[in-house]
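Please work through each task before reading its solution.

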Amino acid sequence: MRESVHQGPDPEATVRQHAKGKLTARERLDVLLDSGSFVEVEAFRRHRATGFGLERRRPHTDGVVAGWGRIYGREVMVYAHDFRIFGGALGEAHAEKIHKVMDLAESSGVPLISLNDGAGARIQEGVTALAGYGGIFQRNVRVSGVIPQISVMLGPCAGGAAYSPALTDFVFMVQGTAQMFITGPDVVKAVTGEEITQDDLGGARVHGTLSGVAGFVYDDEVSCLEDVRYLLSLLPANNQELPPSIPCVDPPDRSNDSLLDLVPADPAQSYDMSAVIEEIVDGGEFFEFHAGWAGNLICGLARFDGQVTGIVANQPNHLAGVLDIGASEKGARFIQMCDAFNIPLVSLVDVPGFLPGADQEHGGIIRHGAKLLYAYCAASVPRIQVIVRKAYGGAYIVMDSRSIGADLSFAWPTNEIAVMGAEGAANVIFRREIAAAADPAEQRAKRVEEYRSTLMHPYYAAERGLVDDIIDPRTTRATLTRALGLLRAKHAPAPQRKHGNPPM
């Protein structure tokens, strides 16, 4: 009987699943979990609905495989939609199995992984199917920030079903087979007259580059599931634990000589901040989040001396590293995740300001930029700022400056911290004087140099205690490793309140 359950009610359904380039639910679990570690619950569960022919179709599992297993020897709870049964659609029994797994994850304090490949609510069961989704959403919110929640999109996810992944901490998607949308192409055409494919409406490319819904996008299921395993190796099981540490073979005090060539001294020249990150972290291993979305800000996890650390960095190669709406949302979400799961934060700063323009102002850059500011101010984990080159205006404050609570701030000798660049500042302060001068260009150049030498030299902020030290770029890794080691035991009691009211 158990073998029959594992094979499914229709052998041809497995053939059809493979023909779409998709693994079955159990094959996916075999890739995701340590070999032989999966323990299934309620394998013999069947629905009890009647009408529309359902009473004649009562397959075991009811279209979802649920249970627990191990990833690198650590326990996780998992459920996987089985598209071969009712297209993975959710009914009452199906939902109750998911509720059980979610409750076990909460009570056991272990991560929750969902492998999504379903056709939404089971229409034949009506409102009971909708109520099942409500129970999932309520549990998603209840364990938010308590245990890591990972959604892996391996097939369709339409309508209200899309909100459960949106409520989780991490969303993985596979190109060509996964789609997420609230209303499908047929409804869009009926209401707006617009013709659009499922992939163009809610495929992995769309959510990985335009909407920001998906943090990780892959070409195939195996590489996707392997990175889910890798991500979990960087996360604690719950918010009461520290992230797992590993022995480090990369010397903590390794000199970063190549940084002298990677970063130009001229603040107008671009460079790749990713190369800087790879140079200073253990073994050059950096796991980037949302690599295809809001590329002007880099977010991801790495290790210093074997200890997991979150990195937030401006990317001068993209929009000169300015902060805009997308970057603010991306950074805020990442910082909140790190703070929830006890992951220290390092901010690498090279920011010319916020992106100007009517589109940004009308789109709510004030509100969205405040999300990034709020996330930094609220974070109680160790926070270290490194000013690599320039930090201008409000963007300097927002990028975890000492004034909003960074524990330590370091700067390279090339740093410039100011309200704005020297050229813009001189044009404002000395506007009339420059206009009245016999040679305006010469006078402007003179005043620009005066402003730069007076307020923008590397030691101005250090003299006022806003930077703890001016460091040799070659010692960046060693400096951060020592500082993170000091702050590992940081304890910051939370204020007495129900919760804050962050900008949404």
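**Exercise 1.** Determine whether Tyr 230 is buried or exposed, or in between.

*Solution.* Buried means under 20% relative accessible area, exposed over 50%, and partly exposed in between (1.4 Å probe, protein chains only). Tyr 230 has a relative accessibility of 25%, so Tyr 230 counts as partly exposed.

The model is predicted: local features need pLDDT of at least 70, side-chain atom pairs count only at pLDDT 80 or more, and totals for chains, interfaces and linings use all residues. Residues are numbered from 1 along each chain as its sequence is written, and side-chain values use heavy atoms, with hydrogens and water left out.

**Exercise 2.** Classify Phe 287 by its relative accessible area.

*Solution.* The value for Phe 287 is 8%, so this residue is buried. Phe 289 is buried as well.

**Exercise 3.** Classify the ring pair of Phe 287 and Phe 289.

*Solution.* First, recall the rule: rings of Phe, Tyr and Trp (its six-membered ring) pair if their centres lie within 6.5 Å; planes under 30 degrees apart count as stacked, over 60 as edge-to-face and the rest as tilted. Next, apply it: the centres of Phe 287 and Phe 289 are 6.0 Å apart and the planes stand at 80°, so the pair is edge-to-face.

**Exercise 4.** State which residues the ring pairs link into a cluster.

*Solution.* The cluster consists of Phe 170, Phe 172, Phe 216, Tyr 218, Tyr 230, Phe 287, Phe 289 and Phe 334.

**Exercise 5.** Identify the ring over which the charged end of Arg 229 sits.

*Solution.* A charge sits over a ring if NZ of Lys or CZ of Arg is within 6 Å of the ring centre and within 35 degrees of the ring normal. For Arg 229 the ring is that of Tyr 72, with the charged end 4.4 Å from the ring centre.
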